[in-house]
Amino acid sequence: MNTNNQTKAIYTILAWTISGLIFFPILWTAITSFKTEAEAISSSPSLFMFEWTLENYSDVLARSPYFEHFWNSIVISVGSSLVGLLIAIPAAWSMAFVQTKRTKNLLMWMLSTKMLPPVGVLIPIYLLFRDTGLLDTKLGLVIVMTLINLPIMVWMLYTYFKEIPHEILEAARMDGASIKDEIFHVLLPIALPGIASTMLLNVILAWNEAFWTLILTAANAAPLTAFIASYSSPEGLFYAKLSAASVMAIVPILILGWFSQKQLVRGLSFGAVK
Amino acid sequence: MATTHSRTLAKLMLLPSVSLLLIWMIVPLCMTLYFSFLDYNLLMPGDNAFIGLMNYEFFLTDPAFIESFFNTLLLVLGVLFITIGGGIGLAILLDQAIWGRNYVRIMVLAPFFVMPTVSALVWKNMFMNPVNGLFAHFAEFIGVTPVDFFAEMPLLSIIIIVSWQWLPFAALILLTAIQSLDREQLEAAELDGAGPFSKFIYIVVPHLSRAVTAVILIETIFLLSIFAEILVTTSGGPGYASTNITYLIYTQSLLQFDVGGGSAGGIVAVIIANIVAIFLMRLIGKNLEG
Amino acid sequence: MGSITLKQVTKSFGDVNVIKPLDLQIRDGEFIVFVGPSGCGKSTLLRMIAGLEDTTSGTIEIGGQDATHMPPAKRGLAMVFQSYALYPHMSVRNNIAFPLKRAKVEPEVIEEKITTAAKMLNLTDYLDRKPGQLSGGQRQRVAIGRAIVRQPSAFLFDEPLSNLDASLRVNMRLEISELHKSLNTTMIYVTHDQVEAMTMADRIAVFNGGVIEQVGTPLELYQKPVNRFVAGFIGSPKMNFIDVQPSAGDATHCIGVRPEHLQVTQDNGLWTGKVGVIEHLGSETFLHVHVENTGTLTVKTDGECPLKYGDVINLTAPQNKILRFDKAGNTITTDTADKPAISSAS
Ligand SMILES: Nc1ncnc2c1ncn2[C@@H]1O[C@H](COP(=O)(O)OP(=O)(O)OP(=O)(O)O)[C@@H](O)[C@H]1O
Ligand SMILES: [Mg+2]
């Protein structure tokens, strides 16, 4: 083994150890979800040498309407991302391709609305929702999620669109394309990877959002964040069941995130790193 | 690209986003402002009398406010410090030639996708629980008294949990930034006789400053309004030891039904956020769009 | 009908006047080349003609019709960009078909036109590739193909060849000239390349700071530039300028001699100087001659030139090849006979 391979080995061990530690809570949760409750709180916990069981999963499914929560999460996150794209794409088009002196200020302003603390508008939104019957509805949450994620969507799309050469859109215009053709036949297909990663990131953010979803929902529209929060009430320590429920809440988004990690990093950094 | 026609069109296409955000910002904010001057409690339906700045007086002189203000600050700064420091270290490590880098990346990134309620519950019960948690087992194993995390160091415990969630984000963005570093520049510096330390200070750090700015900006936006982690772990306690401003206003308005007081708190939170925002916008204006 | 008439056209970006009031008449079927230093407004004017930029004032007529406020799609022009501007997500076939589809042309007709264009531009084997899989020259051909299938009334080219390497540029230059001969359609062509301008153009328009200094055939511009700017801009290597003392009855402030018109003589030339750098190009040689009190003169001579660095030589030029400029830089155009001869004393 030469020195080069030696340093590589050292770095590899170090990197695997640290990343293993970071990942451990998730791994441990997954393993615990297959244990019996007794084993889960055993004072000499075991990583693999125990009797594997699926009991916890069936218990969780029996205890609460998991699939309803799951469906609510899907509707809220995908719904708000789609509506958001619909509103954000035209805005990003304007900012990227018809720049004015105000464009930069407008972007900054949009981003600043994202900094508006939710508690600042908590009461009016709660009261407005109560009075309009939007409280505890999926529609209400789609509206809120769309609005809180809109600035991020516009900004992300803007950074993607800005990289498309103006000439391509101008060529389309010379070729007789209407603005609709220009957007649907030229801009959107070219920007598709960027749009997809914007969409993905917003699905993830909305899926995990846990301020509005906890406050504005009760029985009907509660997504998985609320489903899992119901396990916080101290009615005994059901670690194995808690783990099973946790796994069920995070696995869909974890897989989605892993598949799209490259695009996510770029999008989330607001174009600061390429 | 700029004819009158396309400019008009551009304005039209901006309209939905801008107007929705304006409404979203202004209408509830005005209502909050209005409520903040009223004696308005949902439990005591009355005439909601106008009481001037009383709500603000109560809110700002409440020792809980001072405490939660500093808790908010500590929470944001603590998490930023840990995630950026750890993130740079991790990014440099992951940038080295290692075997199985893709698997390492996947493992490091995972916590970012875990919803806050889940990570808080998992940490609270399975790791930090003083009787059955893994840390307690470990303490017993090496023969020390287990720590009751949420009773003895509630805020620090929450900082640890939140840092765990945000470390992957910081690490990955910084890693991408490091990887886009111009190798030729580093080699040129090496030829000029720069050691590893001066290379890091004069080339790597300036290059990373853009990425660090982005990390600070995005994390701050989310960290200022940490909520679920507190709700499911300590509920702000013991006392107000782990209450941040978001959580304080939540308890006032939706648990004590004091709409007036909560609104005054909301306005204070908005003002604080604005101060932070102005500061951050300066930072990005300088660093991001160059 | 592809005639284009610009009347008192101006353009400002905010407070900056990029195009000063400008008149230009382009005849149907003409090949006109825009040249001028960087930033003088060539692209801006081209984009105004295309309809991609608003015209601040004045009118643009295309084929006798006022097109000042028409959207680009209605003007019936085609543009070829320096960056090619191909649609990266479409195959070559679909790139070329795009304008036809927008015009709702029948699929069979589209297919036929694509086939013809592809044959003409040697693209037949590449029709199913994406632009990313083509070389620069092939991409530029696709861009041209996309332009010709719509049978526009005029083509606009903005430095179409400047991203190509030298030998490819020569080929494409010929192909575009060929195209112009066979289609006989108006072409407006922006370039920085002297050779392109001189060889391709029917007429050249020389721009400077948002105004047209002179419009004329390549030879007119070469032989009879209206001012010092045009004289210096057209021709390579650049014309030599020598400041002179104006005398009574002669307003000449400066004279200009092209390097190819300077001759090396054994004795009694107009100027005496020392040979500096010598550039041998094979077919010709450029001498840089340092003349005391006058500066460095560039001389173009034969490929076989026996001179060495440091040689002292005399230079002369035929009187009728010497241009004279007045204080404002305008060419003095009285007959040579009326002017006092330029002598070595000046
Ligand atoms: N959108 C714009 N806003 C403000 N100024 C502009 C804009 N577009 C061009 N200009 C300015 O107008 C002037 C002319 O630009 P133009 O692109 O027409 O020059 P050009 O002659 O094509 O130069 P080059 O030979 O380098 O391509 C330049 O000074 C440029 O800075
Ligand atoms: Mg140009």
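Buried area, the quantity used below to describe how chains meet, is the accessible area (1.4 Å probe) that two parts lose on being put together, summed over both. The model is predicted, so local features need pLDDT of at least 70 and side-chain atom pairs count only at pLDDT 80 or more, while totals for chains, interfaces and linings use all residues. Residues are numbered from 1 along each chain as its sequence is written, chains are lettered from A and ligands numbered from 1 in the order in which they are written, and side-chain values use heavy atoms, with hydrogens and water left out.

Leu52(C), Glu53(C) and Asp54(C) supply 77% of what chain C buries against chain B, more than any other three residues. Five residues from chain C and five residues from chain B take part in the contact, where contact means heavy atoms within 4.5 Å. Across this interface the rule finds zero salt bridges, a salt bridge being a side-chain nitrogen of Lys or Arg within 4 Å of a carboxyl oxygen of Asp or Glu. The side of chain C that touches chain B has one nonpolar, one polar and three charged residues; in this classification Ala, Val, Leu, Ile, Met, Phe, Trp, Tyr, Cys and Pro count as nonpolar, Asp, Glu, Lys and Arg as charged, and the others, Gly among them, as polar.

The interface between chain B and chain A can be described in the same terms. Here 97 residues of chain B are in contact with 109 residues of chain A, and the area buried between these chains is about 9200 Å², of which carbon and sulfur atoms give 81%. The count of salt bridges between chain B and chain A is zero, whereas eight residue pairs, both at pLDDT 80 or more, are in polar contact. A polar contact is a pair of N or O atoms within 3.5 Å; within protein, one must be able to donate a hydrogen and the other to accept it, and residues adjacent in sequence count only if both atoms are side-chain atoms. Helix α1 (residues 4-35) of chain B gives the most to the side of chain B that touches chain A, with 19 residues, and by class that side has 72 nonpolar, 20 polar and five charged residues. Helices (H or I, at least four residues) and strands (E, at least two) are DSSP runs, numbered from the N terminus.

An unreviewed UniProt entry places the feature "transmembrane region" at several spans of chain A, including residues 141-161 and 238-259. In the model, residues 141-161 of chain A are 100% helix and 0% strand, with end C-alpha atoms 28 Å apart, and residues 238-259 of chain A are 95% helix and 0% strand, with end C-alpha atoms 32 Å apart. For chain B, an unreviewed UniProt entry places "domain: ABC transmembrane type-1" at residues 69-280, a span that is 77% helix and 0% strand in the model.

Chain C also meets chain A. Asp175(A) forms a salt bridge with Arg146(C), the closest N and O atoms being 3.6 Å apart. Because Asp175(A) lies in the loop between α8 (166-174) and α9 (179-208) of chain A and Arg146(C) in helix α4 of chain C, the pair joins two chains. Arg150(C), in the loop between α4 (136-148) and β7 (154-158) of chain C, touches residues that include Met174(A) and Asp175(A), and the side chain of Arg150(C) reaches the backbone oxygen of Met174(A) at 2.8 Å.

Ligand 1 has residues of chain C around it, among them Cys40(C), Gly41(C), Lys42(C), Thr44(C) and His192(C), each with a heavy atom within 4 Å of the ligand. An oxygen atom of ligand 1 is 2.5 Å from an N or O atom in the side chain of Thr44(C), while a backbone N or O atom of Gly41(C) lies 3.0 Å from an oxygen atom of ligand 1.

Two backbone details of chain C remain. Most residues other than glycine have a negative phi, and most peptide bonds are trans. The phi of Ala85(C), however, is near 55 degrees, and the peptide bond from Ser236(C) to Pro237(C) is cis, with omega near -5 degrees.

Conventions:
UniProt positions are given in the numbering used here, feature names are shortened, and annotations may be inferred rather than shown by experiment. Lists of a residue's contacts leave out its neighbours within four places in sequence.
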